[in-house]
Amino acid sequence: MNTTNNLTDKLNFSKTLIAAFSLLLLTGMGAADPLIVDEDGEDPEYNSIQSALSDAATGDTIDVEAGTYDEQVNIDTSGLTVQGPNNGEAGGSNDRVNEAVVEGQVIVGRSDVTVEGLKITEGESSLTAGVSIQYEDSDIENVTVRNNVITGLTGSGGGGPGEFTFGVLGYGNPEKSPEASDIEVSGNRISDIGEDGATQGVAVSLEDLTGSEPGAGATVVGNEFYGISTKSEARPGTAVALRPNFRGVDAAAEVDGNSFTDVTLKLTHPSGDTMDVDHANLASAVVSKGEADQRIYVSSVQNAVDAADEGTTVKL
């Protein structure tokens, strides 16, 4: 018996098993299968997004098939991806296929979440926001809203001097002063937000951003904004509102590469120690370390005066 050869064979076999196992890990073949949602789904598929979310664990992907889902979606587990059939296709792309239509608000309450490739709109009930990123109790980070169509929202809500309708809304609890970072809103088509004369439409509104580098708080890039409603001359339809000054925390955000149609006000943002603003189209900015005042770009001095609160300084 050749003991040496047998031992060598066993060692080589063990190495082969280790290599194969490592390959499985590296290629993701050992990862959990996605949870499939189909409006006509049968076991083991799900016929609602929320039922799939109830079974999901951190790291899972939920694939939503084309169809109509009349439900509010509440994502309260970190590390999830919820994606429709147009995952990878920009909201305004002509190459999009049949949509997974969510007739209800999508609420994101945890970090490391991606919502992609869906169409979000109203059903029987009006909506005040299409996607609501809520960091009421703790900080939140790494939330991505990408390649969605968010359209046809008319509900009124929010605070301040009047009512708002939002496409994507991110906000925190003022009593607990949470912070948001690495929020990405990209490749979406956000249209027909609000109802003219009734609500002020805001396509993207993000509060409590933090970070020392541009884009560390949020990036709002490559979106199409169309038909954002105006409540009055003093309350113009707004594409992007960055509102870190509400809580007095540092801001870091980058807004660039978006397109605007039928939008009165393209961008509002706080002033900063460093800023690069494209005054040619009033649509791009890099902001860091926000202060207490807020710069608002409008089409006329009178609109700025009309929008200002008592004690506000209008900078020209």
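**Exercises on a predicted model**

The second largest pocket has a volume of about 200 Å³. The structure is a predicted model, in which local features need pLDDT of at least 70, side-chain atom pairs count only at pLDDT 80 or more, and totals for chains, interfaces and linings use all residues. Residues are numbered from 1 along each chain as its sequence is written, and side-chain values use heavy atoms, with hydrogens and water left out.

**Exercise 1.** State which residues line the second largest pocket and sort the lining by class.

*Solution.* Step 1: a pocket is an open set of points on a 1 Å grid over the protein atoms alone, where a 1.4 Å probe fits, with protein on both sides within 12 Å along at least five of seven lines; lining residues have an atom within 4 Å of a point. The volume is the space filled by probe spheres set on the points, which are joined across faces, edges and corners.
Step 2: the lining consists of Ile107, Gly109, Arg110, Ser111, Gln134, Tyr135, Glu136, Asp137, Ser138, Asp139 and Ile140.
Step 3: sorted by class, 3 of these are nonpolar, 4 polar and 4 charged; Tyr counts as nonpolar and Gly as polar.

**Exercise 2.** Describe the surroundings of alanine 129.

*Solution.* Step 1: alanine 129 belongs to strand S10, residues 129–135 (strands are DSSP runs of E, at least two residues, numbered from the N terminus).
Step 2: with a relative accessible area of 2%, alanine 129 is buried (under 20%, 1.4 Å probe, protein chains only).
Step 3: beyond its neighbours within four places in sequence, alanine 129 is in contact (heavy atoms within 4.5 Å) with Gln105, Leu153, Phe166, Gly167 and Leu169.

Terms used: Helix = DSSP H or I, 4+ residues; strand = E, 2+ residues; numbered from the N terminus. Buried < 20%, exposed > 50% of the residue type's maximum accessible area, 1.4 Å probe, protein only.
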